[in-house]
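Morning, everyone. Let me put the model on the screen, and then I'll walk through the ligand site, some helix packing and a few backbone details.

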Amino acid sequence: MVDMKKGRGIVAAAEPLAAGVGTDILRQGGNAIDAAVAIGFALAVTYPAAGNLGGGGFLVGSIGREKKQRSEVSLDFREVAPGAATSDMYTQAAAAGNRSASLLGHLAAGVPGSVSGMLTALERWGTMTRRQVIEPARLLAQGGFLLPARTHRMLVASKKSMLRFEATADTFFPDGAVIGEGKLFRQPDLARTLEIIIERGIAGFYDGEVADHIVIEMKRGGGLISAKDLLDYRPVERKPIRFPISNGSAVSMPPPSSGGICLAQMSRMLERFKIGSTDAESPQLYHLLAEVMRLSFADRNQYLGDPDHVACPLEMLQDKKRLDRLAATIDRSSASSSADLLKDSPPVKESEQTTHYSVIDCHGNGVAVTTTLNGSFGSKVLVPAAGFLLNNEMDDFTAHPGEPNLFGLIQGSANAVAPGKRPLSSMSPTVLLDEEGNVDAVLGTPGGPTIITNVFQVLLGLTRLGLSPENSITAPKIHHQCLPDRIFLEAAVPTSTEQSLLALGHVCARRSAIGDFQLIARTPHRGLVGVADPRGGGVVSNT
Ligand code: DON
């Protein structure tokens, strides 16, 4: 935790070296976008489980040189399905004996968006050159750094599947053994890719040597990404979702993320109920939360997908009367049931391989970025000679209709696979504004669908429960996603609370820590306060 009353800015990120790169940029006079882009490239080097060049993400910001010129923006640099993708490609692969094609190996990868997204953000809202913001990452790749315990642990956990891919094995398991904790980890191929991107910009990744390496590897491994898919990739600037909160508004990511819509829905439904600081961590509040989460996820899984491919009924989903009607169905004394909506499914699997970072600069600009390869180390396919891993984001589509995905989500036809389409996401980078439009907080976390419910609980802690930034993060979290029909409880939720929830008719399931939150929030007496979630290994860095 770091307080900042005066200074050039503050960063909260899941990996210390990358956070330090961000504050160095702020110290040199860069703005929050310059810092965010530099952190994004640095994480691709220092946090390979989630940071990436071969994945995608979302950026939400309140940006402008002067307060009066500041506006709320969102940039979608989500991966897209290759041109040759089909809606039944994964059921066909399963019928042919490959049940994990959407998760592991070449077919799992969507066309990466990160490089195009980061460089578009830099051009559009940044002030520095590509060299200035990417060089720190290149140096970390070239010179190496001491492998942190966390990455070592993640590599051990993924060893078996990573060893199936030669270039992946060579990079992370030289001589067959995982790189030791605290050992120097150098990535010369990745350094070279970064140099090419510095020199040639977006084309350096999507057209030329690096693109050729991707396409050759796809052909070799039976993947679909073509040279044309890479040339055609474009990030999309979208109108953020904005909804009222006490003393201001929240700005979050629109489809193809479900985050903004679900947050807006849950926030509106909860307005009906009087809650205050004495309700924090109470079974009564957890019950209400679970019920609004259930209702919102039912909508999410039915109606949302890529807005450029399917009609997402955003007005209907945010319609106040409809939300009030839904909220009126909530019974404070007993749990409702998702059973009538869809069949039950296995529990959510654990995964922590996405990453979020938050930045506020001295001009008051706030930037929230969540970026991912989806699963841990993505598809596990490292592009030979280019040194980066490819995502397995295709599993976020309704890859196997009627069946749960990696996160236990059962999704509908709105999110079916189609060429050039973006898979529905839960990533929810969010900025809170006060009534005058000043940035009050920057929020976000990894965690698949728990991203939405975690961001919601932190938002609630800050805005309605009167919690400090620290307590809003450390408060035990719960999660409900409609199906499976159960409340997931972090270990820190007391047994007595679980008993009360059981008595209300909920099915409860314990799970490990939820999320790795990176928060910056303005407080009345302490100025800007950054909090890196103690559940993860991140830091707050200020200058
Ligand atoms: O976009 C999504 O919703 C997922 N691909 C995010 C994955 C994730 O957060 C995994 N890490 N916990």
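Which residues are closest to the ligand, and how many surround it? The shell holds 17 residues, and the closest are Thr354, Glu393, Asp396, Ser425 and Gly448.

Quick ground rules. This is a predicted model, where local features need pLDDT of at least 70, side-chain atom pairs count only at pLDDT 80 or more, and totals for chains, interfaces and linings use all residues. Residues are numbered from 1 along each chain as its sequence is written, and side-chain values use heavy atoms, with hydrogens and water left out.

Back to the shell. It splits into 4 nonpolar, 9 polar and 4 charged residues. Here Ala, Val, Leu, Ile, Met, Phe, Trp, Tyr, Cys and Pro are nonpolar; Asp, Glu, Lys and Arg are charged; the others, Gly among them, are polar.

Now the polar contacts, meaning pairs of N or O atoms within 3.5 Å. The side chain of Asp396 puts an N or O atom 2.6 Å from a ligand nitrogen. For Asn374, a polar side-chain atom sits 2.7 Å from a nitrogen of the ligand. Gly447 uses its backbone: an N or O atom there is 3.0 Å from a ligand nitrogen. On its own the ligand has 340 Å² of accessible area, and the protein covers 99% of that. Those areas are Shrake-Rupley, with a 1.4 Å probe.

Next, helices. They are DSSP runs of H or I, at least four residues, while strands are E runs of at least two, numbered from the N terminus. Helix H1 (residues 16-27) packs with helix H2 (residues 32-46) at about 155°, axes 8 Å apart. So H1 is roughly antiparallel to H2, a label for angles over 145 degrees. Axes are lines fitted to C-alpha atoms over the stretch in contact, and angles run from 0 to 180 degrees between N-to-C directions.

H1 also meets helix H5 (residues 130-143): their axes come within 10 Å and cross at roughly 150°. Therefore H1 is roughly antiparallel to H5 as well.

Last, the backbone. Where is Pro256? In the loop between strand S9 (248-252) and helix H12 (259-271). The bond from Pro255 to Pro256 is cis, omega near 20°. Leu483 and Pro484 are also joined by a cis peptide bond, omega about 0°. Pro484 lies in the loop between strands S14 (478-479) and S15 (487-490).

Terms used
A residue is near a molecule or strand if one of its heavy atoms lies within 4 Å of it. A polar contact is a pair of N or O atoms within 3.5 Å; within protein, one must be able to donate a hydrogen and the other to accept it, and residues adjacent in sequence count only if both atoms are side-chain atoms. Angles under 35 degrees count as roughly parallel, over 145 as roughly antiparallel, 65 to 115 as roughly perpendicular and the rest as oblique.
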